[in-house]
Amino acid sequence: MIDLKRLRYFCAIAEQGQISRAARMLNMAQPPLSQRLRELEEDLGCALFERHGRGLVLTEAGRLLKL
């Protein structure tokens, strides 16, 4: 089941392209935000982002979730 808070976090990360930027936008620390993203990916059973250095790019599953 998708938690609405984690979905909000996912959208912020997708919009910002970096977890650290999204964490600043959400006024939270980066480690808990990274953990919430990992939990969401585990719940869904797929990666939502491809990691490219410090940046993130949506996977096909991530693009579908963002719709």
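Guide: Angles between axes under 35 degrees count as roughly parallel, over 145 as roughly antiparallel, 65 to 115 as roughly perpendicular and the rest as oblique. Axes are lines fitted to C-alpha atoms, for helices over the stretch in contact, and the angles run from 0 to 180 degrees between N-to-C directions. This is a predicted model, in which local features need pLDDT of at least 70 and side-chain atom pairs count only at pLDDT 80 or more, while totals for chains, interfaces and linings use all residues. Residues are numbered from 1 along each chain as its sequence is written, and side-chain values use heavy atoms, with hydrogens and water left out.

Visitor: At what angle do the axes of α1 and α3 cross?

Guide: Two packed helices are described by the angle between their axes and the distance between the axes. Here the axes of α1 and α3 cross at roughly 110° and come within 10 Å. The two helices are therefore roughly perpendicular to each other. On the α1 side, the contact (heavy atoms within 4.5 Å) is made by Arg 6, Tyr 9, Phe 10 and Ile 13. The α3 side contributes Leu 33, Arg 36, Leu 37, Glu 39, Leu 40 and Asp 43.

Visitor: What span should helix α1 have?

Guide: Helices are DSSP runs (H or I, at least four residues), as are strands (E, at least two), numbered from the N terminus. The expected span of a helix is 1.5 Å times one less than its number of residues. The 13 residues of α1 (residues 4-16) should therefore span 18 Å, and the end C-alpha atoms are 18 Å apart, which agrees. Just after α1, Gly 17 takes a positive phi of about 80°.

Visitor: Which residues of α1 are buried?

Guide: Buried means under 20% relative accessible area, exposed over 50%, and partly exposed in between (1.4 Å probe, protein chains only). In α1 the buried residues are Arg 6, Tyr 9, Phe 10, Ala 12, Ile 13 and Ala 14. Their cover includes α2 (19-25), α3 (30-44), β1 (49-52), β2 (55-58) and α4 (60-66).

Visitor: Is Glu 41 buried or exposed?

Guide: Glu 41 belongs to helix α3 and is buried, with a relative accessible area of 11%. Leaving aside neighbours within four places in sequence, Glu 41 is in contact with Cys 46, Ala 47, Leu 48, Phe 49 and Arg 51.

Visitor: Where is Gln 18 placed?

Guide: Gln 18 lies in the loop between α1 and α2, and at 16% relative accessibility Gln 18 counts as buried. Not counting residues up to four places away in sequence, Gln 18 touches Ile 13, Arg 54 and Gly 55.
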